[in-house]
Amino acid sequence: MGEGHETEETAVDAPASERMRNADHKAPIGPLVAMGVIASVLGIALGLLIDWFPVAASTQEAQVDTLYDVLIIASVPFFVLVTAIVLYSVYRFRMLPGEEDMDGPPIHGNTRLEIIWTAIPAVLMLGMCVYAAILLDNAEDAPAASAGPELNVRVVGEQFTWTFYYPPGEDGGEEVASSQLYLPIDRSVNFDVQTKDVLHDFWVPAFRWKIDAVPGITTNYRVTPNRIGRYPVVCAELCGLGHAVMRQTAVVMTEDDFAAQLEEVANPQPVEGEDGAGGGESAFASNGCGGCHTLEAAGTSATIGPNLDEVLAGQDDAMISESITDPAKELTEGFGANIMPATYADTIPEEDLKALVTYLVESTKG
Ligand code: CUA
């Protein structure tokens, strides 16, 4: 197609407008279409072959992953089409030497083309929206298959942790607070999602579903976990300095294990340790303290919260204990009131707290 530029009437030194008008306007449609089809097929094949998602652990997974595949199949050909036209145009209508100061010929748009390229994407987008809306609606309905009554879990986000509240047992009492998410397999779960401060987003990628935690309202979604295992719980809304460490674990377990686990959460037993110090070290690790704090003894170097080697040196048990259970009471300069969650009074068992305090006193003595 390069030779087409220099026919007799349209030599390179002819005015650009004339050259463009006279040049052979026929694009090589045949080869372009063939290349487009091949590129689309390859693109779609690649898009479907790539393993985009982490392991799936809920019955809602199939329809979400199918939606994603449909989006790939629908969008790759358009990507190829648009890219091909752009690349072809860049080459075909490029500026030649001597044309630097010239304007192109004045043209009027093509109404028919404009209608076509507006209407086709509009219909496609509408189709995808309807499909996605139906899928969303299906997923929000209580699933037909649940191996027992639906479990209701209240999920509360705050800077920078999640707390999971289970309904009180049959004998009444209070909700049970847990810092990890425990779920029985094959039972439908409804999450009521709330936040104490700013926007967060409750996301378990393995369940394929996520929803914003919005101040002042309760949002919800339901899934049915169907695979035993441990999966990350992620905050998916930028919520401040500690956003990246706002990660916990969803543990899907058998109904029996779940009942036992919930029992333990309600009546916490201390972490196993050789002595007080060992237990404290485990408590430091299992409560994620190192995600925010630097503590040389534990080998952690995070800077979201105060450096414990500095601020706790020479402090007594009472002060350290209070800093854990009521972190807003006395603040270290340069650290705001809401950086450390106020939930540890509820979620760290008494014995563990003692061991943790002892461990911190010992390891910061210097
Ligand atoms: Cu909470 Cu990001």
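**View 1. Phe202 of strand E6 pairs up with Ile211 of E7.** Here we zoom in on a bridge in which Ile211 of E7 is the partner of Phe202. The model is a predicted one. Strand E6 covers residues 200–204 and E7 covers residues 209–213; they run antiparallel, with 5 bridges between them. As for cover, 4 of the 5 residues in E6 are buried.

**View 2. The E6–E7 hairpin and its turn.** With 4 residues between them, E6 and E7 make a hairpin. Have a look at Arg208 in the turn: its phi is positive, about 70 degrees.

**View 3. E6 also pairs with E9.** Strand E9 (residues 229–235) runs antiparallel to E6, and 2 bridges join them. Trp203 has Val234 in E9 as its bridge partner.

**View 4. The largest nonpolar core.** In soluble globular proteins, nonpolar side chains tend to be buried together. In this model, the largest nonpolar core counts 43 residues. Phe202 turns up again here, listed with Val153, Phe164, Tyr166, Leu181 and Phe191 as the residues with the most contacts inside this core. The strand that gives the most to this core is E10 (residues 247–253), with 4 residues.

**View 5. Around Val153.** Skip the neighbours within four places in sequence, and Val153 is in contact with Phe164, Tyr165, Tyr166, Leu181, Leu183, Val189, Asn190, Phe191 and Asp192. Another core, of 16 residues, lies apart from the largest one; Ala283, Phe284, Cys289 and Tyr344 are among its members.

Conventions: Residues are numbered from 1 along each chain as its sequence is written. This is a predicted model: local features need pLDDT of at least 70, side-chain atom pairs count only at pLDDT 80 or more; totals for chains, interfaces and linings use all residues. Side-chain values use heavy atoms; hydrogens and water are left out. Buried means under 20% relative accessible area, exposed over 50%, partly exposed in between (1.4 Å probe, protein chains only). Two strands pair if DSSP finds at least two bridges between them. A nonpolar core is a set of buried Ala, Val, Leu, Ile, Met, Phe, Trp, Tyr and Cys residues joined through side-chain atoms within 4.5 Å. Contact means heavy atoms within 4.5 Å.
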